[in-house]
Amino acid sequence: DGPSPLTPSVLDILKEENVCATFFVVGSRVDLYPDIVKRAYKEGHYIANHGYTHSYSTIYASEQAVLDEYTKCEQSIKNAIGNQEYNSYLFRFPGGSSGGRYHYLKNSAKALLTSNNIASTNWNCLTGDAVGNNTKEECIAELINTKGNQNSLIVLMHDAQNKDSTVAAL
């Protein structure tokens, strides 16, 4: 849901550990912190799309609204990294790619995204930082619990402003 003022700390840790990550950025946040996105991109991290507003009522108003959010976010990314040819071709639905109030709309929006050569993904492991795990220990315990026996993980962590526990867990 970033970038945010916490993102540079995340980037410092990833750099120190020689790890590249995928950042699913929110376009309105990219517009606020373009230099952070540019740094992440220059350091080899993948910049992917999490919509422009992160407002469920806006994004999930229609299938076309999902595509419009993607397009607007992509333009913010292009502007931030200074590359108008860039396209992430990858979207993560706010709130996840299935379930919830907008489940059926998300399914039909996936088809529209696919027809525009845009893949979507979800997480398969999480820290719980989005639902109130407020300590490093709680985040790590949730990660271990949701990892199970999987050896290929997409870990959901947030670099939003109030997620100090995420940085500590990382």
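## Report on the predicted model

Leu32 lies in helix H2, which covers residues 27-32. The model described here is predicted. With a relative accessibility of 55%, Leu32 counts as exposed, because exposed means over 50%. Leu32 and Ser88 are 56 residues apart in sequence, and their C-alpha atoms are 19 Å apart in space.

### Helix contacts

Two helix pairs are described here. The axes of helix H1 (residues 7-17) and H3 come within 10 Å and cross at roughly 15°. Angles under 35 degrees count as roughly parallel, and H1 is therefore roughly parallel to H3. The crossing in which H1 passes H3 is left-handed. On the H1 side, Thr7, Pro8, Leu11 and Asp12 meet Ile36, Arg39 and Ala40 of H3.

For H5 and H6, the axes come within 8 Å and cross at roughly 55°. This angle makes H5 oblique to H6. The crossing of H5 and H6 is right-handed. H5 contributes Glu63, Gln64, Val66 and Leu67 to the contact, while H6 contributes Leu105, Ser108, Ala109, Leu112 and Leu113.

### Aromatic rings

Rings pair if their centres lie within 6.5 Å, and by this rule the count comes to eight aromatic pairs. One of them joins Tyr41 and Tyr86, whose ring centres are 5.5 Å apart and whose planes stand at 85°, so the pair is edge-to-face. This pair links distant parts of the chain, 45 residues apart: Tyr41 belongs to helix H3 (residues 34-42), and Tyr86 to the loop between helix H5 (63-81) and strand S3 (90-92). Is Tyr86 buried or exposed? Tyr86 counts as buried, because its relative accessibility is 9%. Tyr41, by contrast, is partly exposed, with a relative accessible area of 29%.

Tyr56 and Tyr102 also form an edge-to-face aromatic pair, with 6.5 Å from centre to centre and 85° between the planes. This pair too links distant parts of the chain, with Tyr56 in helix H4 (residues 56-59) and Tyr102 in the loop between S3 and helix H6 (103-115), 46 residues apart. Tyr56 is partly exposed at a relative accessible area of 35%, whereas Tyr102 is buried at 17%. Both residues belong to one aromatic cluster, formed by Tyr56, Tyr60, Tyr70, Phe91, Phe93 and Tyr102.

A charge is also placed over a ring: the charged end of Lys72 sits over the ring of Tyr52, 4.3 Å from its centre.

### Backbone geometry

Most residues other than glycine have a negative phi, and most peptide bonds are trans. A cis peptide bond joins Gly2 and Pro3, with omega about 10°. Pro3 is found in the segment before H1.

| Residue | Phi | Place | Relative accessibility |

Conventions: Residues are numbered from 1 along each chain as its sequence is written. This is a predicted model: local features need pLDDT of at least 70, side-chain atom pairs count only at pLDDT 80 or more; totals for chains, interfaces and linings use all residues. Side-chain values use heavy atoms; hydrogens and water are left out. Rings of Phe, Tyr and Trp (its six-membered ring) pair if their centres lie within 6.5 Å; planes under 30 degrees apart count as stacked, over 60 as edge-to-face and the rest as tilted. Helices (H or I, at least four residues) and strands (E, at least two) are DSSP runs, numbered from the N terminus. Buried means under 20% relative accessible area, exposed over 50%, partly exposed in between (1.4 Å probe, protein chains only). A charge sits over a ring if NZ of Lys or CZ of Arg is within 6 Å of the ring centre and within 35 degrees of the ring normal. Axes are lines fitted to C-alpha atoms, for helices over the stretch in contact, and angles run from 0 to 180 degrees between N-to-C directions. Angles under 35 degrees count as roughly parallel, over 145 as roughly antiparallel, 65 to 115 as roughly perpendicular and the rest as oblique. A crossing is left-handed if the near helix is turned anticlockwise from the far one by less than a right angle, and right-handed if clockwise. Contact means heavy atoms within 4.5 Å.
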